Amino acid sequence: MAKIPEPILRSLKVVVLLLCLGPLMVLMWKATHDLLGANPVDVITRSTGRWTLTFLLITLGVTPLRKLVRIPSLVRFRRMLGLYALFYGTLHLMTYVWLDKFFDVQAMLHDIAKRRFITAGMTAWALMLPLALTSTAGSIRRLGGKRWQRLHRLIYFSAAAGVIHFIWLVKADLKRPLTYGAILLLLLGYRAVSSAITRVRSRQTVPAASA
Ligand code: HEM
C-alpha cells in the first residue's frame, strides 16, 4: 500500500479543488468574450449538465481507483468531488430556473408535466442533497458507519437518474448518454463483484477464526 505524505496530500487537494473549478472558469471566460454562440443559455445548460454527471461518475470511481492503485488516501478526494457534482448540478438547475424560465413557476410546472426528462433531472439533483448534507465526519459519527454507507448508496441512484434524464432528453444521437450509462454500469459491476468477494472472504475467515 502506497501512502501519500500529509503535506503533499494537502497540496494535491488544493490543486484538485482549483482544477474542478476549470469548467466554470471556461464557461465564464467564454461568456465574457461572447464565445457562447447563438444560444448561450443552451450551451451553459448542456455544459453544466454534463459536468454534473461527469463529477458524479468521477466520485463513484474513487473507491475502485484507490483499490486498484493501492493508495487508500485517495478517499480524501471523494467528498470534494461529490460536492462539486452538487455544485455543477445546482448551477445547471439555476440556469434552467433563472436564465431559461425566469422563475416562472407556471412554466416550470408545465414543463415537469410535459417533459419527463425534467422530472428525472430533478430526482437526480434531489438525491444529491442528503449526501451533501451528511458528508461531514460528524455525520458519519452520528449515523454510524454502516447506516452512513447505506445512505450514501443513493449516489448510484442519482447517477442513474442523471443518465435516464440524458437518454430521455436527446432526440437522435444516443451515443453520449449511453457512454455515461456504460461507465455507470461498469462501476456498479465493480461494486457488486468486490462486495461479493468481501462476503466470501469473511465467510471463509469466520470459521477459521472460531476453529
Ligand atoms: C435539477 C433539475 C434539472 C433540470 C430542471 C434539468 C434540465 C435540463 C435541461 C432543460 C436540459 C437541456 C435539454 C435540451 O437542450 O433539450 C438538460 C440537459 C442535461 N442535463 Fe439536466 N436538469 C436537471 C438536473 C440534472 C442533473 C442532476 C444532471 C446530472 C446528474 C443533469 C444532466 C444533464 C445532461 C448530461 C444534459 C445534456 C447535456 C448535453 O446535451 O450534452 N441534469 N437538463
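Predicted model: local features only at pLDDT ≥ 70, side-chain atom pairs only at ≥ 80, totals over all residues.
User: What share of the 211 residues in the protein is buried, and what makes a residue buried?

Analyst: Buried residues make up 19% of the 211. Residues are numbered from 1 along each chain as its sequence is written.

User: How many helices and strands does the protein have?

Analyst: The protein has 10 helices and 0 strands. Helices are DSSP runs of H or I with at least four residues, strands are runs of E with at least two, and both are numbered from the N terminus. Read along the sequence, the pattern is α-α-α-α-α-α-α-α-α-α. The C-alpha trace spans about 70 × 40 × 35 Å along its principal axes.

User: Which residues of the largest nonpolar core touch the most other members?

Analyst: Of its 25 residues, these are F55, L56, Y84, A85, Y88 and M128. The elements giving two or more residues to this core are α3, α4, α6 and α9. The set is called a nonpolar core because it consists of buried Ala, Val, Leu, Ile, Met, Phe, Trp, Tyr and Cys residues joined through C-beta atoms within 7 Å.

User: Which residues is F55 in contact with, leaving aside its neighbours within four places in sequence?

Analyst: F55 is in contact with L81, Y84, A85 and Y88. Contact means that the C-beta atoms of two residues, placed from the backbone, lie within 7 Å.

User: Which residues of α3 and α9 meet?

Analyst: T52, L53, L56, L57, T59 and L60 in α3 meet I155, S158, A159, G162 and F166 in α9. By class, this contact has 7 nonpolar, 4 polar and no charged residues. Asp, Glu, Lys and Arg count as charged, Ala, Val, Leu, Ile, Met, Phe, Trp, Tyr, Cys and Pro as nonpolar, and the others, Gly among them, as polar.

User: Which residues come nearest to the ligand?

Analyst: Of the 21 residues around the ligand, G49, G121, A124, W125 and G162 come nearest. The elements giving two or more residues to this shell are α3 (40–68), α4 (78–100), α6 (116–133) and α9 (154–169). The largest share, 8 residues, comes from α3. A residue is near a molecule if its C-beta atom, placed from the backbone, lies within 6 Å of it.

Definitions and conventions: Buried ≥ 20, exposed ≤ 12 C-beta atoms within 10 Å, placed from the backbone.
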